[in-house]
Amino acid sequence: MRGPGLVFLLLACGSSLPYHVAGQESVLCFSQFDEVMGQCKDLLGAGVSQEDCCLNPNYGFQPQGVQKGSCQSCRPDSLSPIRPASWGPWSAWSPCSRSCGEGSQLRRQRCLGQGQCSGGEGGKPVRWELQACEDRGCCPEAGGWSEWSPWGACSVTCAKGHRTRQRRCDNPAPQCGGSCPGAASESQTCDPQQICPTHGGWGAWGPWAICSASCQGSPSAPTQRRSRSCSAPRPSEHPPGKPCPGNAYEQRSCSSGLPPCPVAGGWGSWAPTGPCSVTCGLGQNREYRPCDRPAPQHGGAACQGEGTRSAVCHTKKPCPVNGWWTEWSSWNDCARPQLQKINCQEVAGQQQRTRTCKGRLHEGHRCPGLHSDFRHCYNINYCKMNGQWADWTSWSLCSPPCGPNPTRSRQRLCTAILPPYPPTYSQVEGLAKKNVTFWGRANPTCSELNGQKLKVEEKRPCLHPPPCQD
């Protein structure tokens with residue numbers, strides 16, 4: 001379940017759901033729904049009804065027999081069972097299309113719910129944004145090798161060995177993290193024309209032989225033996241090599257604590273290990289069977305297979321859904337009830353904006369905060385004022401994000417020089433003062449800049465854009 005502060009009731013899971021529920025359309029139920037990618041994750045179980053799966057609004061489901069990837073969210077938009085279309089969250093920016101120098105990168109947003117989202121291109125369920133990027137300012141440049149050094153001495157005094165020589169990557173040196181192609185050293189075989197003697201070496205010990213007594217005991221003292229051979233390697237004859245030191249055989253007693261015959265383990269009956277993993281909707285329960293019929297003894301084999309398994313469990317209770325605020329409405333006109341007109345004057349008015357709490361279900365939390373907001377204001381809408389040129393804005397996103405030859409732009413705007421009205425206001429003298437903000441779109445006047453009086457715009461192409469792929 002999503003969201004802090006959800007109330008959990010400790011309910012024991014009465015039983016596991018079967019793989020088919022008679023009289024209901026069965027779906028695949030998933031415990032996670034990725035709103036960015038529109039994908040289901042973590043399969044919870046198959047053969048359950050859509051109604052039971054969606055008792056938890058954070059779950060997702062896929063009808064059985066439908067192609068992979070056709071996943072739907074359980075989360076409602078309001079009290080209606082059908083969620084209207086709306087844009088989901090933006091994905092993370094893709095890697096830059098160039099590891100050095102200027103490139104571009106993409107991100108996407110998916111349309112969720114029933115119907116089409118406004119703002120998409122041609123009713124497509126995915127829209128894109130493209131922006132310029134630069135991970136590293138310069139690109140690597142390869143260097144060049146120096147001449148090879150003379151060959152070094154041979155690594156052995158007899159038989160065949162090897163010798164090496166080196167070169168340096170400094171002719172010229174690489175730039176910006178580059179390197180020289182090829183190896184900095186090379187080797188070749190060398191032969192001093194002398195035969196080396198081969199000294200003997202023991203091979204690995206063989207396994208211990210079976211004890212001379214059975215597991216029920218024996219009247220004679222039981223022993224066991226193992227051996228090894230001087231063959232790793234064998235000593236050479238010309239020139240003569242040294243033989244292996246030590247004995248080729250080893251013996252030990254096996255009389256103390258003869259093992260009883262081993263007993264292999266056997267599985268007991270399955271039993272649940274605890275309550276259902278959730279307190280609402282569907283969850284999973286674990287079942288356990290002990291390896292005690294009989295238990296393995298005296299080195300006997302353990303039970304084969306799994307000792308635990310999972311099954312879908314049903315709480316028969318829908319999960320609570322917390323309420324969420326819609327976006328604030330626009331501020332209404334700045335006005336003062338007792339005056340018909342206050343714009344372009346040093347007269348404080350008042351504005352209001354509102355929002356709505358939606359989507360609360362099954363005793364979820366109400367939206368925190370107030371549904372309305374008030375502020376004091378000066379109305380400068382359509383007022384003629386002196387202006388000044390603002391600094392350049394930041395570069396915009398690349399447009400079109402998926403089309404040919406995307407560009408980005410920035411602007412300088414003629415902004416109004418606001419009048420020196422008091423920044424605070426008090427309705428009754430002596431009471432606390434409240435901040436006053438300017439509201440409306442003034443008509444500023446600026447001196448010409450590059451032949452323009454209100455806006456100057458600069459454009460630049462976005463280089464190496466990566467392709468958009470759905």
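1. A word on exposure before anything else: a residue is buried under 20% relative accessible area, exposed over 50%, and partly exposed in between, with a 1.4 Å probe and protein chains only. With that in hand, Asp170 is partly exposed, at a relative accessible area of 39%.

2. Please keep in mind that this is a predicted model, in which local features need pLDDT of at least 70 and side-chain atom pairs count only at pLDDT 80 or more, while totals for chains, interfaces and linings use all residues. Residues are numbered from 1 along each chain as its sequence is written, and side-chain values use heavy atoms, with hydrogens and water left out.

3. Let's start with a sheet. Strands here are DSSP runs (E, at least two residues), numbered from the N terminus, and two strands pair if DSSP finds at least two bridges between them. Three strands make an open, antiparallel sheet in the order β5-β6-β7. Its edges are β5 (86-90) and β7 (126-133), each of which pairs on one side only. On average, neighbouring strands of this sheet are turned by 30° against each other, direction ignored; the axes behind that angle are lines fitted to C-alpha atoms, and angles run from 0 to 180 degrees between N-to-C directions.

4. How many bridges join β5 and β6? Three bridges, in the antiparallel sense, link β5 to β6 (residues 103-112).

5. As background, side chains of opposite charge can pair when their charged atoms come close. Here the partners are Glu129 and Arg107, at 2.9 Å from N to O. Because Glu129 lies in β7 and Arg107 in β6, the pair ties together parts that are 22 residues apart in sequence. Is Glu129 buried or exposed? Glu129 is buried, with a relative accessible area of 18%.

6. Arg168 is exposed, with a relative accessible area of 54%.

7. Now for the backbone. In general, most residues other than glycine have a negative phi, and most peptide bonds are trans. The peptide bond from Asn171 to Pro172 is cis, with omega near 0°, and Pro172 lies in the loop between β8 (161-166) and β9 (185-190). The bond from Arg293 to Pro294 is cis as well, with omega near -5°; Pro294 belongs to the loop between β13 (282-288) and β14 (308-314).

8. Two non-glycine residues have a positive phi. For Tyr382 the value is about 65°, and this residue is in the loop between β18 (372-379) and β19 (384-389). Tyr382 counts as exposed, at 61% relative accessibility. For Asn405 phi is about 50°; Asn405 is found in the loop between β19 and β20 (407-416) and counts as exposed at 69% relative accessibility.

9. Which residues have the most contacts inside the largest nonpolar core? They are Cys29, Val48, Cys53, Tyr59 and Leu282, in a core of 13 residues. The term covers a set of buried Ala, Val, Leu, Ile, Met, Phe, Trp, Tyr and Cys residues joined through side-chain atoms within 4.5 Å. The elements giving two or more residues to this core are β1 (26-34), β2 (39-49) and β14.

10. Finally, have a look at Cys100, in the loop between β5 and β6. Cys100 is buried, with a relative accessible area of 13%. Leaving aside neighbours within four places in sequence, Cys100 is in contact (heavy atoms within 4.5 Å) with Arg136, Cys138, Cys139 and Pro140. The C-alpha atoms of Cys100 and Cys133 are separated by 9.7 Å, and these residues are 33 apart along the chain.

Definitions and conventions: Helices (H or I, at least four residues) and strands (E, at least two) are DSSP runs, numbered from the N terminus. A salt bridge is a side-chain nitrogen of Lys or Arg within 4 Å of a carboxyl oxygen of Asp or Glu.
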